[in-house]
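Please look over the sequence and the model shown here before reading on.

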Amino acid sequence: HSTAQPFQLLIEIKHPEYYRKLNRSISSILLNTLRAYNLTQSSDPVLIQTFYVEELKYIRQDLHSKLRLVALMSWNSMNESSSDFDFYRSEEGLR
């Protein structure tokens, strides 16, 4: 069955800090995999999301990805992330 709707990949990066402790970059692995399928541009049907705001900054600034990135936010009552969500919700953090 075919539809006119394009597919979308919604990919969530879980616990990138864990992989860093193992000297691995889960984001590099992910981007290399997407690159193999020619998925590298902001117009491509890919969204990458994570609770780790610093990882999104790393993806954009250090890995130079143009893919669309989504910062997941919470009140962090369950320690979803080491990110300072109070800061990232502030005017300065949003900049």
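## Gln49 and its surroundings

Leaving aside residues up to four places away in sequence, Gln49 touches Leu10, Ile11, Glu12, Ile13, Val70 and Leu72, where contact means heavy atoms within 4.5 Å. Gln49 is found in strand 2, which covers residues 46-50; helices (H or I, at least four residues) and strands (E, at least two) are DSSP runs, numbered from the N terminus. Gln49 counts as buried because its relative accessible area is 13%, given that buried means under 20% relative accessible area, exposed over 50%, and partly exposed in between, with a 1.4 Å probe and protein chains only.

This is a predicted model, in which local features need pLDDT of at least 70 and side-chain atom pairs count only at pLDDT 80 or more, while totals for chains, interfaces and linings use all residues. Residues are numbered from 1 along each chain as its sequence is written, and side-chain values use heavy atoms, with hydrogens and water left out.

## The chain as a whole

The chain has 5 helices and 3 strands, and along the sequence these follow the pattern β-α-α-β-α-β-α-α. Of the 95 residues in the chain, 32% are buried. Among contacts with a separation of 6 or more, 55% are between residues 24 or more positions apart. The accessible surface of the chain comes to about 6,800 Å², and 53% of this belongs to carbon and sulfur atoms; such areas come from the Shrake-Rupley method with a 1.4 Å probe, and for residues only the protein chains shown count as cover.

## The sheet and its helices

In what order do the 3 strands of the open sheet lie? The order is 1-2-3, and the pairing is parallel; two strands pair if DSSP finds at least two bridges between them. Strand 1 and strand 3 (68-71) are the edge strands, each of which pairs on one side only, and the twist averages 25 degrees from one strand to the next. In general, strands of a sheet pair through backbone hydrogen bonds, either parallel or antiparallel.

Strand 1 and strand 2 pair in the parallel sense over 4 bridges, and Gln49 in strand 2 is the bridge partner of Glu12. Helix 2 lies across strand 1 and strand 2, and runs at about 175 degrees to strand 2. Helix 3 (residues 53-62) packs on the sheet, where it touches strand 2 and strand 3, and its direction makes about 165 degrees with that of strand 3. For these angles, axes are lines fitted to C-alpha atoms, for helices over the stretch in contact, and angles run from 0 to 180 degrees between N-to-C directions.

## The nonpolar core

The largest nonpolar core has 10 residues in all, including Ile13, Leu30, Val46, Leu56 and Leu67. Such a core is a set of buried Ala, Val, Leu, Ile, Met, Phe, Trp, Tyr and Cys residues joined through side-chain atoms within 4.5 Å. Helix 2, strand 2 and helix 3 each supply at least two residues of this core, and helix 2 gives the most, with 3 residues.

## Two loop residues with positive phi

Most residues other than glycine have a negative phi. His15, however, has a phi near 45 degrees, a positive value, and is found in the loop between strand 1 (9-12) and helix 1 (16-21). Asn38 has a phi near 60 degrees, also positive, and is found in the loop between helix 2 (26-36) and strand 2.

Why does His15 count as partly exposed? His15 does so because its relative accessible area is 45%, whereas Asn38, at 61% relative accessibility, counts as exposed.
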